[in-house]
Amino acid sequence: MAARIFALLSVTVFLSIALFLGCQKLGGSGPIQQPIAFSHKIHAGDNQIPCLYCHTYADRSQVAGIPAVETCMGCHKIVGLGKPEVQKVHDYWNKKEPIPWKRVHDLQDFVYFSHKRHVKAGVACENCHGQIAQMDVVEQVSSLKMGWCVTCHESRAKDKEQLTVLKDCATCHK
Amino acid sequence: MQVTRRDFMKILGATGAGVAATSCGAKLDKTPIEEIIPYVVPEEDVVPGIATYYSSVCRECPAGCGLVVRTREGRAVKLEGNPNHPINKGSLCVRGQAGLQGLYNPDRIKGPHRKNEVGEWVSITWEEAQGLLVEKLKEVLAQGERQRVSFLTGNISGNLDSLIDSWLKIFRSENRIVYEPFSYESMKKAGEIVFGVEAVPTFHIENSDFLLSFGADFMETWLSPVQYAKGFAEMHRPKKEGGQGRQMGKFVQVEPRRSMTGANADLWVSVKPGTEPFFALGVLNEALLHLWKKEGGDARKAMLRSWLSYQGITTPKVAELTGVEEMTIKTIGREFASAKRPLAIGSGVAGSGTNATATWVAAYLLTAITGSMGKTVDWGRVQNVDRLTPFTQVVSWVERLKKGEVDVLLVHQANPAYTLPKSAGFSEALKKVPFVVSFSSFWDETTTQAHLVLPDHHPLESFGDYSPQTGIHGLYQPTMRPIFKTQPMGDTLLSVAAAFPSNPFKEGRYLDYLKSSWSALYPKGGQNGSLESFWQESLRKGGYWQETHSKEVSISNRLFTFKVKEPVLEGDGEYRLVVYPSVKFYEGRGANKPWLQEIPDPVTKVVWNSYVEIHPEVAEKLEVRHGSVVELRLGESSLKGPVLLNPWIQKETIAIPLGQGHEEYGRYAQGRGFNPLSILPLQVETVSGGFAWTSSRVRMAPTGERVLLVKTSGSIDDRNRDIAGLVSFEDLKAGSVHREEEEIQDKLLYDESWRHEKGIRWAMAIDSSSCTGCSACVAACYAENNVPIVGEQECAKGREMAWIRIETYEEPSTKGTHPVNVPMMCQQCGNAPCESVCPVYATYHNYEGLNIQVYNRCVGTRYCSNNCPYKVRRFNWFAYKFPDTFNLQLNPDVTVRDKGVMEKCTFCIQRIREVKDHAKDEGRLPRDGEIVPACAQTCPTNAIVFGDLNDPNSKVSRLSRSERGYHAIESINTKTAVTYLKKVHNGLRTA
Amino acid sequence: MLKFIRNILARFDKTSGPGVLAVFYYVDAAAEAIQGLKQQGYKDLTVFSAVPHHSIEEILDHRASPVRYFTLFGGILGCLSGYAFTVWTSLDWELPLAGKPVVSIPPYTVIMFELTILFGALFTLLGLVLTARLPHLGSHRVYDPRFSGDRVGVFVRCEKGKSVRLEEFLKQVGAEEVRFEGGV
Amino acid sequence: MAEESLTYQRIDQDVLKTLERPGKKYFILLGGVLAVFLVGLAAFINQVRMGLGMAGYTHPVMWAVYITDFVFWVGIAHCGTLISAILFLFRARFRRAVYRTSEAMTVFAVMTAGLFPLIHLGRIWNFYWLFPYPNQRQLWVNFKSPLIWDVFAVSTYFTVSATFFIVGLIPDIAVARDHAKNRFRKTLYTILSLGWRGTDQEWRHYYKAYLFFAALATPLVLSVHSVVSWDFAVSIVPGWHTTIFAPYFVAGAIFSGVGMVITLLIPLRKAFHLEKYITVEYHLDRLAKLVLLTSGIVTYAYGCEFFLSWYSGNPIEKEAFFNRAFGDFWWATWIMITCNCFIPPLLFIKKVRHNIKALFIISIFVNIGMWFERFVIIVISLSHEYIPYAWGSYKISPTEIAITAGSFAWFFLWFLLFVKLLPSVSMTEMKELVKPPKRMGQS
């Protein structure tokens with residue numbers, strides 16, 4: 001009798017701990033359906049278009065920037081005509097409407113993150129975004145959680161002084 | 001800068017840059033997937049995540065300060081003064097800072113409206129609206145009578161002004177009223193009487209060494225408050241220049257109720273209301289006497305003396321009349337006369353009775369006889385108030401309205417139903433006008449009585465120009481796409497005009513009209529380059545300023561026929577009523593801006609309400625206390641309001657601020673406080689025809705009720721705790737002011753040697769001597785740091801969220817004659833008591849000496865606030881909402897704090913970060929003065945200086961070493977990063 | 001499964017029988033019986049009582065309980081882990097606070113103290129559980145509910161065949177009731 | 001002495017009688033307490049939803065009733081441990097009859113107290129950040145913060161006192177188990193008794209362990225209230241920053257705790273007819289004397305505080321204490337002084353001490369006075385700190401009243417369940433007082 005209850009209790013405790021840890025999911029997201037089946041593999045992989053060609057602000061602003069429809073049209077006025085997904089771009093362009101992309105990489109609003117600083121520090125896009133050039137549908141590869149950021153910041157510090165700066169809360173929290 | 005381009009711009013067209021929405025909520029699961037909306041065509045000025053700045057002009061009052069508007073992702077997020085503008089030189093006042101809340105106000109009229117048969121407002125399209133107006137105007141035109149169309153505007157100098165005049169001519173009308181509640185008629189008139197020049201000059205307060213003001217509130221609302229506050233700070237600064245030892249100007253303010261300006265005076269003289277002219281003449285008399293003794297007599301002096309005796313002025317008589325001691329009058333007269341470049345001004349609104357012109361006559365004479373007229377008064381640069389319709393004409397225009405002599409009335413930037421005294425009967429007159437059109441942005445008291453509303457763009461959304469003074473042409477431009485379906489009034493007028501055959505305008509759009517008119521300035525400038533580049537350059541700079549040449553004036557003979565009259569007072573009450581303009585609301589236009597409602601009045605520290613100021617002894621007599629409601633009665637009219645005790649007011653005087661008591665206007669203004677204009681009699685200044693604000697005697701009786709009247713101040717006595725510092729200029733000059741370094745060493749449990757002395761330590765130096773208490777910094781902080789407003793009930797619990805507050809202490813040792821303003825924000829202590837008590841490291845000391853608050857780490861134990869000796873931490877008691885459309889103003893660089901989180905000032909760390917980011921791109925360190933926190937940026941008197949304390953050459957470290965420097969409550973060894981500089985008062989020698 | 005655990009536990013249980021259980025009313029009678037049994041060379045004695053009685057304890061003459069070592073060990077472990085944990089976490093992410101050194105021992109003393117007590121108490125509990133073999137999950141056959149009341153019980157392990165002499169002895173010294181209990 | 005007339009059997013009978021099926025009155029009482037608790041719970045849930053602004057906090061007064069309640073309940077807890085552990089080590093005879101009740105009170109009071117630091121959190125949903133556990137953020141807690149000391153002190157205190165309580169119950173529960181008639185109770189007691197049989201081996205280790213528990217609980221009880229007092233004393237708030245706080249708080253805690261024990265015992269002994277076990281002349285008399293002693297210490301501490309603030313010459317400190325006595329909250333201070341300094345000395349009079357009603361009323365006054373002591377220290381000190389401009393006031397809100405009432409209900413809920421489920425007088429310890437049945441003595 002007593003033993004049974006003891007067993008039950010310990011299972012409950014174990015489960016609740018597991019549940020608690022499970023809630024704090026550490027991985028990234030799954031693939032997200034976009035309004036246009038845009039493939040980074042075709043653009044960045046097969047066609048070798050540099051990241052900064054479309055994400056033009058990555059080396060000069062906090063945000064990398066999502067290309068304007070005009071940018072898409074720059075090529076697709078000529079390239080890929082007739083393909084149904086490209087036609088969608090034309091539709092948006094003709095309607096003068098922006099494309100409602102779904103956000104894949106979303107940082108919390110209390111985080112200050114500057115693409116510029118990271119790009120200038122020589123952090124490759126793939127470090128955080130993964131092998132984008134091989135993804136048909138982009139998914140979040142890194143957790144983008146604080147611990148993940150801190151681990152990288154720690155590893156990149158050359159000396160103690162730099163570590164202090166890189167691990168200062170105010171470096172990333174606003 | 002093409003509007004067509006901007007048409008593509010999405011207001012919220014974001015990009016990916018964090019639009020500061022909610023924030024700190026812990027989210028265990030993934031948040032719902034957001035959408036990112038890119039541009040269709042990229043905006044060439046806009047890089048998402050990077051601020052873009054546009055020059056503009058502040059249109060919150062007629063002063064016309066220059067603006068630089070910070071925009072992010074196509075939204076204006078912060079207003080700052082234009083550093084190159086000759087008037088405000090980079091600073092803004094509290095009203096200017098709050099301009100954004102006019103732009104984003106949720107109570108703005110969101111499109112054109114028509115009143116239907118049953119008196120309800122119906123939303124219509126612009127085509128319908130313009131059609132309706134055209135139809136009405138055609139009817140009027142068909143009748144063939146002149147002057148049937150009337151146009152009422154506020155002070156809108158510049159091209160819009162001339163456009164309206166030409167536009168009216170289409171309808172054979174010159175019936176144009178330019179109405180401002182504060183219109184300076186007595187000043188203009190006095191200029192004419194004394195010098196034969198009917199104008200309002202500019203004053204160079206910075207050049208004077210003795211300023212005597214008869215109630216002019218030049219740091220609050222009078223003419224150009226930022227400009228004059230700057231001038232005052234320069235004049236009143238203990239200077240070391242010139243190798244002649246230290247110098248510092250003196251300032252004497254004469255008024256019945258101590259205003260914020262008066263609180264900054266070296267000597268505040270309390271006179272009976274309405275007797276300012278006699279006091280001024282008394283001082284003139286003494287000054288003349290002194291000059292006579294010093295320089296000997298001459299014909300002019302003799303004439304003036306005989307003129308004075310014609311007025312019946314003798315010092316004992318003046319003393320008796322004004323209630324001021326003879327010695328004081330003599331001292332002021334003597335000191336004035338012996339100053340090198342004295343300046344006398346006055347009166348302001350609060351002191352203008354029926355004889356206000358006389359005060360100005362005396363003031364001009366005082367400046368003139370000492371020979372400093374050219375140095376301290378500039379007649380070559382005059383204020384644009386000459387365009388204003390004199391009050392008497394406004395009154396007679398209202399009478400004409402009552403008689404039904406106007407068929408169509410158009411109202412722009414004016415709200416006479418609120419700002420005219422009720423006794424003028426404007427509301428009744430309005431009912432007699434068959435068709436009233438309002439261009440207002442708000443449902444104010446006049447607009448709600450209109451028939452058609454054609455809401456104008458906010459100035460920050462439109463093109464325009466404004467010229468506040470001779471040679472200063474401010475130019476403003478759209479800084480963002482309009483939020484609502486509004487239309488610039490210029491465009492509306494032009495397209496209406498196009499429906500008439502006699503349309504004199506070539507241009508179809510106001511921008512083209514403005515541009516072509518602007519070209520008229522082009523040759524004057526003698527510019528190189530094309531007209532277009534001049535236009536672009538003007539847009540970039542925020543206007544075009546010309547040099548002016550000062551004009552000599554001399555005393556005219558007309559003066560000698562001028563006779564000062566006794567003030568006329570209406571009513572038979574015991575108390576004289578003084579009504580004064582509010583530094584926050586002006587005459588009431590600011591009342592629907594919640595920042596202005598929540599920022600405490602600099603003098604009374606009251607929020608969200610208005611009040612009847614009475615002397616404590618009177619309160620004792622009437623057996624009322626703070627918040628007790630009294631009834632004021634004048635003839636038939638009466639009003640009720642809560643009492644506020646003010647020791648710095650004449651005993652037989654009661655004072656009421658303007659600005660509250662709106663019946664309409666918006667959710668923040670409506671039904672709040674009371675409007676003293678509802679009781680004021682229609683008294684006119686006898687000589688100039690201006691409105692006599694102070695001309696009534698009222699009865700006062702307690703009602704027995706008591707209401708909430710929230711003051712944010714606890715005690716105004718600093719109890720010798722080293723919070724407020726005060727020294728006399730004499731001591732400073734004699735070198736007897738020393739830094740009281742309270743070095744506490746070897747008394748600590750811990751060794752302090754680990755603390756970094758290398759690297760950067762961000763710090764501030766705040767000069768109490770310069771701080772006027774104007775609270776512009778508070779508004780700037782609200783705007784910059786997404787500080788929420790909480791409302792009156794919450795303020796009553798001290799829950800206002802201001803990160804910086806102006807603490808005003810009345811030193812008991814000086815019997816309250818020198819209140820000291822201490823702007824109090826987080827002191828970024830080296831030994832911060834808040835840090836060690838936080839259980840989760842949400843607050844800690846960073847490597848640049850800042851006391852960081854990590855909002856999303858905070859669990860809300862509030863221990864840090866308890867342990868903060870300066871009480872500068874604020875707690876989010878609720879989830880404070882930023883209602884639509886105020887949320888568009890939020891600064892994306894600053895987190896919006898969630899409920900349950902502690903927050904505080906971190907010296908605008910987002911600005912530090914921005915500058916450091918920029919400097920790093922250039923491979924250097926931030927330069928001294930490159931980082932400017934919002935409070936320091938806007939301060940009209942530059943009282944706040946920010947920089948690196950560890951750099952011995954930085955401005956802040958030099959100031960921190962000043963002999964006047966001290967740290968607040970130094971004895972508790974918090975090692976604060978803020979150094980306060982003691983206030984210096986330059987008292988008058990009474991010998 | 002449960003049976004298996006029970007079997008294992010029973011091996012360490014002196015009361016798991018077989019043996020003779022005597023019930024006494026008088027404490028001194030029980031004491032006398034125990035004394036006698038000891039003299040006769042019976043070692044596997046178990047005494048049941050509602051409260052411990054000095055007279056019986058003296059006769060049984062047990063060694064001091066080893067629980068104290070658990071307490072001592074727990075206390076020392078708590079103190080050391082309090083020290084190590086506070087210091088290590090401070091150094092793991094150095095956040096300067098209020099002008100105090102990153103590792104400041106005085107405030108950590110409180111944690112060290114609390115953990116000393118906590119670990120001391122928990123190890124004492126562990127010691128109690130281990131030494132007193134609690135919880136007793138085994139059989140309650142060798143027990144009488146009256147033992148928690150006012151009776152004293154004495155249980156002597158012995159083989160079934162050898163019980164008769166013992167039973168007689170126990171009755172003789174004043175046992176109210178004597179019975180033989182088989183094993184598990 | 002009363003216990004001379006007692007026998008083992010009698011003790012079992014009398015005490016086990018308290019565990020019999022409760023009457024109607026009990027259920028009415030339980031229902032009432034539950035209702036109040038639910039009101040408090042509703043107020044709390046609303047507060048979590050809306051924000052802490054529902055409480056009466058103001059800008060300078062950022063701690064108020066919740067922390068007052070916290071310190072109050074922690075204080076209440078202390079007396080139980082004093083009686084069960086410290087007096088155990090001192091072998092005080094009078095503790096045996098009353099220690100079980102007071103120990104139960106300790107455990108329930110800590111359970112109540114422990115709620116308040118959570119209730120007062122701005123973001124209670126992040127409360128677990130206060131515990132040092134490995135997390136992906138790589139962040140730890142700040143061990144320099146007195147609040148973390150609190151986390152450790154209170155959780156240690158709860159663990160140790162609950163263990164002490166439960167271990168102490170084992171032999172008694174075995175008795176109850178052996179007499180239990182219905183199935184529910186039988187099961188419950190079987191589990192809780194851990195199969196206790198009272199063998200000589202069990203007793204041998206049990207007593208040693210119990211002694212060590214008592215030995216560990218003794219410094220712990222002193223430390224916990226010291227740590228609680230350091231929440232205040234370690235800060236720089238004038239009126240908080242005092243070296244006297246730790247001993248003064250400990251004494252105050254025992255004072256309030258004994259008050260609460262008396263408040264609980266008087267109705268208990270009447271309801272359960274335990275007058276023989278808990279006597280006026282002996283047990284309550286000793287407790288009353290303890291009240292007298294601690295009231296004296298507390299009075300002395302008040303005197304010291306006021307004297308030192310005056311003698312220090314520190315104007316800020318002086319002003320804080322002047323404000324305490326004559327400021328906006330003068331009434332709270334004078335309630336405190338009246339209840340804690342002036343009323344308890346009535347117990348010097350034997351007649352008062354031995355008068356059940358008088359004793360009960362005085363004990364209630366002690367409870368009120370001690371609640372106000374914490375209120376005075378927390379609220380008044382915070383309302384007048386260093387910056388005169390930021391001085392403020394405070395007004396209690398309905399939410400705070402509801403939650404405070406709910407906390408009392410929560411406490412009594414547990415206590416009511418306790419008295420009917422577990423023996424509220426220790427049978428084992430009572431038996432130790434009674435001479436065991438002996439042949440020799442009989443004849």
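In which sense do β1(A) and strand β1 (residues 35-36) of chain B pair, and over how many bridges? In this predicted model, local features need pLDDT of at least 70 and side-chain atom pairs count only at pLDDT 80 or more, while totals for chains, interfaces and linings use all residues. Residues are numbered from 1 along each chain as its sequence is written, and chains are lettered from A and ligands numbered from 1 in the order in which they are written.

The two strands pair in the antiparallel sense over 2 bridges (pairing requires at least two DSSP bridges between strands). Within this pairing, W101(A) stands opposite I36(B) in β1(B).

The contact draws 37 residues from chain A and 40 residues from chain B (C-beta atoms, placed from the backbone, within 7 Å). On the side of chain A that touches chain B, at least two residues each come from α4 (69-76), β1 (101-102), α9 (160-166) and α10 (169-172) of chain A (DSSP runs numbered from the N terminus, helices being H or I of at least four residues and strands E of at least two). This side comprises 18 nonpolar, 8 polar and 11 charged residues (Ala, Val, Leu, Ile, Met, Phe, Trp, Tyr, Cys and Pro are nonpolar; Asp, Glu, Lys and Arg charged; the others, Gly among them, polar).

Chain B is divided into domain 1 (185-383), domain 2 (575-706) and domain 3 (726-748 + 757-985), with bounds from an automatic or database domain assignment. The centres of domains 1 and 3 of chain B, taken over C-alpha atoms, are separated by 37 Å. Contact between these domains involves 15 residues of domain 1 and 14 residues of domain 3. On the domain 1 side, α7 (225-235) and α8 (260-263) of chain B each supply at least two residues, and α7(B) gives the most, with 4 residues.

Note on methods:
Two residues are in contact if their C-beta atoms, placed from the backbone, lie within 7 Å.
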